[in-house]
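Student: I would like to learn how to read a protein model one feature at a time. Where do we begin?

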Amino acid sequence: MGDIFCHECPDPGLSLGPNPSSAFNLPDKCLVVQSEESEARNSHFVPFAERDDVVMQAVHGVLDMLDITNRQGGIQPRFNFLFARTNTVPMGEMIDMKSLRANLRRIMASKSVKPTSLSLQIGPSKTLVKDLLEKNDDVRLGTLVKLADALSVSLDDLLALPRVPIAGSIGAGGQIAYEDVGEAFEPDMSVSRPPGISGKLIALMVRGESMLPRYKDGDILYVQREHDGVLPAYIGEDCAVRLSTGETFVKQLNYGSRPGVFTLMSLNAAPMVDVEIEWATLILFVLPGAARRLGQYN
């Protein structure tokens, strides 16, 4: 191993030799570096600010860190202090706290878990979960991990996007009965957002067997109400359709016998011929009721 030289010393020719222990006799705040080329060049001084890999520093005559392991011929990367980082990252600006609270309430309700008992499973504070649900605008990543473990769910379940309200049911003849869910709908009156669909959605639940075999009892149909009227792309597709008379159905939409009217088709009901429509919207996604009953999608 080559000699070690002191940078910023009054005597630039001062050599400490291969033994760094003599650095303890240097003046205060000396910076000690060993050049990668020191064996080939007996004087090679590297300014501290230009060397990102300097890992040793003598402060008040104490050389803190120096790696001189077997014939490395250079400085090792900066010494990494390892901290327990799992609970040091603020998450309030990275996640939707409203969604987190809604997800946490829903999961706790489904498992009959109380805030106090859940709090004591993850830490000494009895009010941790209550505070998170009611007033805290930030939460640590480590806390989220502990919550997910205590509830036997994944972080994805806790951080899922806002759920979709079940806004109505589809009964005999495909007619939709809407329910007033508002903004503060109950967790059991909502379902997970389907993948790859943005924007505001509502969900409709099939009731009974009148729409077999296309839709079964308990299936969830997702729709998005964005405009009035009918788009040409909707013709021949299953849609939620609002008639000018106020009723709403799930039917296959087809042109009528003249402009401005439409014929609605379904497998187990007579066609609704030449009806006037206020609006129509596509069925965007179907969640099988069996998937919800088996707990594979909720």
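Predicted model: local features only at pLDDT ≥ 70, side-chain atom pairs only at ≥ 80, totals over all residues.

Student: Which residues does Gly173 touch beyond its neighbours within four places in sequence?

Tutor: Contacts of that kind show what the fold brings together. For Gly173 they are Ser210, Phe249, Lys251 and Ala269.

Student: How much of the chain as a whole is buried, and what is its secondary structure?

Tutor: The chain has 298 residues, and 38% of them count as buried. Its secondary structure consists of six helices and 14 strands. Among contacts with a separation of 6 or more, 59% are between residues 24 or more positions apart. The accessible surface is about 17,200 Å², and carbon and sulfur atoms contribute 53% of that area.

Student: How do I read the packing of helix H2 against helix H4?

Tutor: Start with the axes, then go to the residues. The axes of H2 (residues 115-122) and H4 (residues 141-151) come within 9 Å of each other and cross at roughly 115°. The crossing is right-handed. From H2, the residues that take part are Leu118, Gln121 and Ile122; from H4, they are Thr143, Lys146, Leu147, Ala150 and Leu151. By type, the residues of this contact are five nonpolar, two polar and one charged.

Student: Which residues of H4 are buried, and what do they pack against?

Tutor: The buried residues in H4 are Gly142, Thr143, Leu144, Leu147, Ala148 and Leu151. They pack against H2, and also against helix H1 (97-110), helix H3 (128-134) and helix H5 (155-158).

Student: What follows H4?

Tutor: Here the backbone angle phi is the thing to look at. Ser152 comes after H4 and has a positive phi, near 55°, although Ser152 is not a glycine. Ser152 lies in the loop between H4 and H5. With 64% relative accessibility, Ser152 is exposed.

Student: Which strand holds Asp274, and what is its phi?

Tutor: Asp274 is in strand S13 (residues 269-275). Its phi is near 50°, which is positive in a residue other than glycine. Asp274 is partly exposed, at 25% relative accessibility.

Student: What is the peptide bond from Leu212 to Pro213, cis or trans?

Tutor: The angle to read is omega. For the bond from Leu212 to Pro213, omega is near 0°, and the bond is cis. Pro213 is placed in the loop between strand S8 (202-206) and S9.

Student: How many aromatic pairs does the structure hold, and how do I read one?

Tutor: An aromatic pair is described by the distance between the ring centres and the angle between the planes. The structure holds two such pairs. In one of them, Tyr222 and Phe285 are 5.6 Å apart centre to centre with 70° between the planes, an edge-to-face arrangement. The pair links distant parts of the chain, 63 residues apart: Tyr222 is in strand S9 (residues 220-223) and Phe285 in strand S14 (residues 277-287). Tyr222 is buried, at 0% relative accessibility, whereas Phe285 is partly exposed, at 25%.

Student: How is the pair of Tyr255 and Phe262 arranged, and are these residues buried or exposed?

Tutor: The ring centres of Tyr255 and Phe262 are 6.2 Å apart and the planes are at 25°, so this pair is stacked. Tyr255 is exposed, with a relative accessible area of 53%, whereas Phe262 is buried, with 11%.

Student: Which residues does Phe285 contact beyond its neighbours within four places in sequence?

Tutor: Phe285 is in contact with Pro194, Pro195, Ile197, Ile220, Leu221 and Tyr222. The C-alpha atoms of Phe285 and Leu221 are separated by 6.0 Å, and the two residues are 64 residues apart along the chain.

Methods. Residues numbered from 1 in each chain as written. Heavy atoms only, no water. Axes fitted to C-alpha atoms, helices over the stretch in contact; angles between N-to-C directions. Helix = DSSP H or I, 4+ residues; strand = E, 2+ residues; numbered from the N terminus. Left-handed = near helix turned anticlockwise from the far one by under 90°. Contact = heavy atoms within 4.5 Å. Nonpolar A, V, L, I, M, F, W, Y, C, P; charged D, E, K, R; others polar. Buried < 20%, exposed > 50% of the residue type's maximum accessible area, 1.4 Å probe, protein only. Areas by Shrake-Rupley, 256 points an atom, 1.4 Å probe, with all protein chains shown as cover. Phe/Tyr/Trp six-rings, centres within 6.5 Å; stacked < 30°, edge-to-face > 60°.
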